[in-house]
Amino acid sequence: EEHFKPAVQAVLKEDAYEDSFGPLFREFNTSVFGKEKLQDEDYEMLADAAEKFYPTQARELKGISEEFANQGHYVSFPYLSAWMYAIEMEHIEYPEPSSSTSVGGEKLDNNECTALFVADSEGNVVQGRNMDRPPAYTPYARPVTLNFDIINNENGIPDFKASGFYWLAAAFVTANIPGHLSMQANYRYYPTYRDIPTKDDVFSYIKEGRVPALQVYNKMILEQGIVDIEPAVEFLSTFPMSIPAYLSMGGSGDKFQAAVVTRDEDGLAIDQNGITH
């Protein structure tokens, strides 16, 4: 429960709650969580799923909630559990590009981050990324975005490095395993050639224990011990998810190793022509 308490402290040391967490939560509440009008029972169901299928992360979320309380702010465990499933909730609200937000007549894409791979002539791959959020979020997401060294050993050397603001969900969508692998998860809309699942469909997947998009790399690295690109591609191509996703990664060394795994809920994406990607 102690893992992310220092993260809460670090943010509030530099920025007041009303300049960081408070408005960020309110923006999520009116968009990702609010437009579908999540009810109390929905938050409780997500909390139950977190505790049942991800007990370690559930304890970390409870620790985050406790630290907010220590700092004088009420942020409940069920609410943070909804953050664990935030990408699933986004897919309910923004299932396709046409569902993006319009501001002043201009359509704003809510969800698409960017992955970029560059290789030198020797075959060394460099991966870059950004994390796009709607402009209303940006001033408040920035102070909550932190860099982490994840250390699970006695020698103090990081098992992997991560960055982002989804530590609020006891999760990371960007990670680097030094000498092995870099990776990131990216939003993928539902393809136009298939039916869009309903809220009930997505919630039924969650109740099955399918891997939340924000927990993919925790599961791969911490549970499965996978740190190299070949087994990573194999693992990321097969485990069940609740939503589509792009999972990109670059390998180490001079072998031109990089991959973007295009996912549907049950495995690799299948296009309208029946071709697997």
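How many residues line the largest pocket, and which of them lie nearest its centre? The largest pocket is lined by 18 residues, and those nearest its centre are His 3, Glu 60, Ile 150, Asn 152 and Leu 222. The model is predicted, so that local features need pLDDT of at least 70 and side-chain atom pairs count only at pLDDT 80 or more, while totals for chains, interfaces and linings use all residues. Residues are numbered from 1 along each chain as its sequence is written, and side-chain values use heavy atoms, with hydrogens and water left out.

A pocket here is an open set of points on a 1 Å grid over the protein atoms alone, where a 1.4 Å probe fits and protein lies on both sides within 12 Å along at least five of seven lines; a lining residue has an atom within 4 Å of a point.

| Pocket | Volume | Lining residues |
|---|---|---|
| Largest | about 360 Å³ | 18 residues |

In the largest pocket, α4 (55-70), β5 (146-150) and α9 (216-223) each supply at least two lining residues, and α9 gives the most, with four. Helices (H or I, at least four residues) and strands (E, at least two) are DSSP runs.

At least two lining residues come from each of β4 (125-130), α7 (138-144) and β6 (160-164), with α7 contributing the most, three residues.

Definitions and conventions:
Points joined across faces, edges and corners; volume = space filled by probe spheres on them.
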